[in-house]
Amino acid sequence: MEKTIAILTCWYGPYPWYFPLFIHSCSYNPTVDFILITDNKEIIYNKPENVIVIDETLDEIKRIASDKLGFTVNIDYPYKLCDFKPAYGYIFPEIIEKYDFWGIGDIDIVYGRIREFMNKELLNEYDIISSRHDYITGSFCLFRNCEKVNTLFMQSRDYLQVFTSPQHYCFDECNFLFEYLKHGASIFDFPDHIQSMTYLVKNAEQAGRLKAFFDYIIVEGNPGKICWDNGHVIFKETFEAMLYHLVVFKKGCKPRKKLLPLPNVFHFTPKTIHYK
């Protein structure tokens, strides 16, 4: 039987101009559920059945998290939720209870064929699956829905500090050590840094407590030469990726406008999208 997957995203504020791209790509992954926790009441154009909207305010999320964790958390602005992503399985057990895997994600994403990459062999073997080779990715990461994985964040000596402070620590990824890890450093080379999820996963993996998968299966940055073609993300007409993360592209893209309905083929250049 195919493993069930849910990707959780909390979003507060208006939906951005690139949101239809995200929704359109979700519709091409009907066997994955995308759960959007938000207070946005805007009607989502052409929303597929596998995009599930849960109405919760930011204050309600803060209350739920505080009740589940047993102390008052600090979630006074939406971006702070990034630090809480690794705890979503613990904070929202009622939402994820029917799924084999739950994941963290963003909406500045254009998905390709998720199941082509998150296949049966991978899901059977690994407990945590990152979409980069060097650190845990907050834009897309899967976690097996079990107690040892859902409570892994608690093994950080710093998680109380992270969850009660207004500061953003990049706890879901690597405590801002991106450039060091990209160039081959080990997360264990920085013992004085916050023990982030990358540290916790690597540490648990070394101790044999779980199995983690790290591989570079996404496109990031702003390289251009990216085509989304009927649910496939193709880079340089050669390489297929699981998703394109728009974290850099969205800032420089012009014009920034919502195009509806979206075609089934479009191309990303460094500064704009060409619709075919």
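In helix 10 (residues 197-206), the buried residues are Met-197, Thr-198, Leu-200, Val-201 and Ala-204. These residues lie on the same side of helix 10, because they cover an arc of only 165° around the axis; the arc is that of the directions from the helix axis to the C-beta atoms. Buried denotes under 20% relative accessible area, exposed over 50%, and partly exposed in between (1.4 Å probe, protein chains only). Helices (H or I, at least four residues) and strands (E, at least two) are DSSP runs, numbered from the N terminus.

The structure is a predicted model, in which local features need pLDDT of at least 70 and side-chain atom pairs count only at pLDDT 80 or more, while totals for chains, interfaces and linings use all residues. Residues are numbered from 1 along each chain as its sequence is written, and side-chain values use heavy atoms, with hydrogens and water left out.

The cover over the buried residues of helix 10 includes strand 6 (128-130), strand 7 (140-144), helix 9 (178-182) and strand 8 (212-214), where contact means heavy atoms within 4.5 Å. After helix 10 comes Gly-208, with a positive phi near 80°.

Aromatic rings of Phe, Tyr and Trp (its six-membered ring) pair if their centres lie within 6.5 Å; planes under 30 degrees apart count as stacked, over 60 as edge-to-face and the rest as tilted. The count under this rule is 27 aromatic pairs. Phe-188 and Tyr-199 form an edge-to-face pair, because their ring centres are 5.4 Å apart and their planes stand at 70°. Phe-188 belongs to the loop between helix 9 and helix 10 and Tyr-199 to helix 10, so the pair ties together parts that are 11 residues apart in sequence. Phe-188 is partly exposed, at 30% relative accessibility. One aromatic cluster is formed by Tyr-28, Trp-228, Tyr-244, Phe-249, Phe-266, Phe-268 and Tyr-275.

| Lysine | Ring | Distance to ring centre |
|---|---|---|
| Lys-202 | Phe-214 | 4.0 Å |
| Lys-211 | Tyr-126 | 5.3 Å |

Glu-220 is located in the loop between strand 9 (218-219) and strand 10 (226-229). Its relative accessible area is 18%, so Glu-220 is buried. The side chain of Glu-220 makes polar contacts with the side chains of Arg-132 (2.8 Å) and His-245 (2.9 Å). A polar contact is a pair of N or O atoms within 3.5 Å; within protein, one must be able to donate a hydrogen and the other to accept it, and residues adjacent in sequence count only if both atoms are side-chain atoms. Not counting residues up to four places away in sequence, Glu-220 touches Arg-132, Tyr-135, Ser-139, Tyr-244 and His-245.

Methods
Lys NZ or Arg CZ within 6 Å of the ring centre and 35° of its normal.
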